[in-house]
Structures are given as C-alpha cells and as structure tokens.
Protein chains: 2
Amino acid sequence: MSAKLESMRLELRRGILILAVLNALKQEQYGYSLRKSLQAVDIDIEEGTLYPLVRRLESYGLLDSRWSSEEGRKRRYYQTSPKGIETLQTLQTDWQQLNESLVKISEANK
Amino acid sequence: MSAKLESMRLELRRGILILAVLNALKQEQYGYSLRKSLQAVDIDIEEGTLYPLVRRLESYGLLDSRWSSEEGRKRRYYQTSPKGIETLQTLQTDWQQLNESLVKISEANK
C-alpha cells in the first residue's frame, strides 16, 4: 500500500506544482532561486522533478526564458509569459471550485 | 494550446477526485448515486472516468464493496474502508498543506 499511497500523494501534488511554478515565476527567476522560493512556502521539490516541469511549461509557451551572465556565471532565467498568466488564471479558478466542492463534500459526509 | 490546457486541468482534477470519492463513500453508495452526489457539489465526472477510479480504489483496499438486490435490481455498493479513511486523512492533510503553500506563494507574487 505504501507505494500506492505515495503515488496518490504525488498525483495530488502534480497539478498543484504547475500552479505554484506559474505563480512563483511571475517574478523572473533561475532554477535554483525558483526552487528556494518554493521551499520557502514548504513545497519541497527535487531538481529532477522541478526542472523537467519548468521545461515542459516553457515548451507550452507558458514561460519565457533568457540566458543571463552574472558574476561570470551563465544562468537561464524564466518568467511566466502572458499566455502563462492566462493559463494560471484558468487553473486557479478550477482550483478554487475544486476546493469548494471538496469542502462541501467533506462537510456533508462528516 | 487548448489540448495542453485541458491536460493540465485534468492533472489538477485527478488527485482531487480521489479525495472527493473517498469522502463521498464514507456513506455507502452505488455507482450512479455516487456520481449524483459528486454532481451535487459541482464535480461533474463521466462514468468512464469515475467507475475505473472506483475500481482502482477498491483494488487498493480503500473501498469495501458488496452486491445488493433492491427492487429486483442487482447493484454493487461501495463504502470507504478503514484503510481508506486512514488514506483520506493523509491525503487531506497533504491537501491542506498544499493549499496553504499556494495561498502563500500567490500572496507573495501578486
């Protein structure tokens, strides 16, 4: 069961991570600082999960990116694109509705 | 994009559906009545999605089930098992934490 519980927990997390990343990247950030800002709100996500997700969102056109050199260090910066903001709003509305549904169903079945 | 947006919306929904079903089935129900009770809280889910999910949760031991005949109609009734209640509590705690994280990150990036 414990592997199945883990898979359900991951399933629950997966959709929410998209929302968290699109939110966090309203301010331009590079990978490591994005990860830190997620950790700051208690979302602990491994690089091996976060970076592929970022690339996936970029490939969907939801993130803009650029290379930048600072202190001789080349980094790729990401920021939520206008299309990403629009998507975020749709997903956030879904999220709120799902939240309300869950509260109702859990109240109804106490 | 619209297909990708749909896939992200589904991803967001998928984890939550597990929570909704485990909650709804604290009271014993058969498939159709479960679907109705989800619709009552604005979760509209097709039979082709709901019934495989129910069978999956049953195969994990999270639902108990029995056949019952009423008015000459044989129906399979489902109810969240003790293990299902335990799982529901874990997932519900995860859900609340993820919610708090999302609120924080969205406040921080207004």
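Good morning. The contact between the two chains draws on 37 residues from chain A and 37 residues from chain B. Please keep in mind throughout that this is a predicted model.

Let us look at the side of chain A that touches chain B. Two helices of chain A, α1 (2–24) and α4 (82–108), each supply at least two residues of that side. Of the elements there, α1(A) gives the most, with 15 residues. Sorted by class, this side of chain A has 17 nonpolar, 11 polar and 9 charged residues.

The largest nonpolar core has 52 residues. Which elements contribute to this core? In chain A, helices α1, α2 (31–39), α3 (47–59) and α4 each supply at least two residues, and so do α1 (2–24), α2 (31–39), α3 (47–59) and α4 (82–108) of chain B. The residues with the most contacts inside the core include Leu19(A), Ala20(A) and Val21(A) from one chain, and Ile18(B), Leu19(B), Ala20(B) and Val21(B) from the other.

Leu19(B) deserves a moment of its own. Setting aside its neighbours within four places in sequence, Leu19(B) is in contact with Leu102(A) from the partner chain, and with Leu88(B), Leu91(B), Gln92(B) and Trp95(B) from its own chain.

Finally, the strands of chain B. Strand β2 (residues 63–70) and strand β3 (residues 73–80) of chain B pair in the antiparallel sense over 8 bridges. Within this pairing, Ser69(B) stands opposite Lys74(B) in β3(B). The hairpin of β2(B) and β3(B) has 2 residues between the strands, and Glu71(B) takes a positive phi near 50° in this hairpin.

Thank you for your attention.

Key:
Residues numbered from 1 in each chain as written. Chains lettered and ligands numbered in written order. Predicted model: local features only at pLDDT ≥ 70, side-chain atom pairs only at ≥ 80, totals over all residues. Contact = placed C-beta atoms within 7 Å. Helix = DSSP H or I, 4+ residues; strand = E, 2+ residues; numbered from the N terminus. Nonpolar A, V, L, I, M, F, W, Y, C, P; charged D, E, K, R; others polar. Core = buried A, V, L, I, M, F, W, Y, C linked by C-beta atoms within 7 Å. Buried ≥ 20, exposed ≤ 12 C-beta atoms within 10 Å, placed from the backbone. Pairing = 2+ DSSP bridges.
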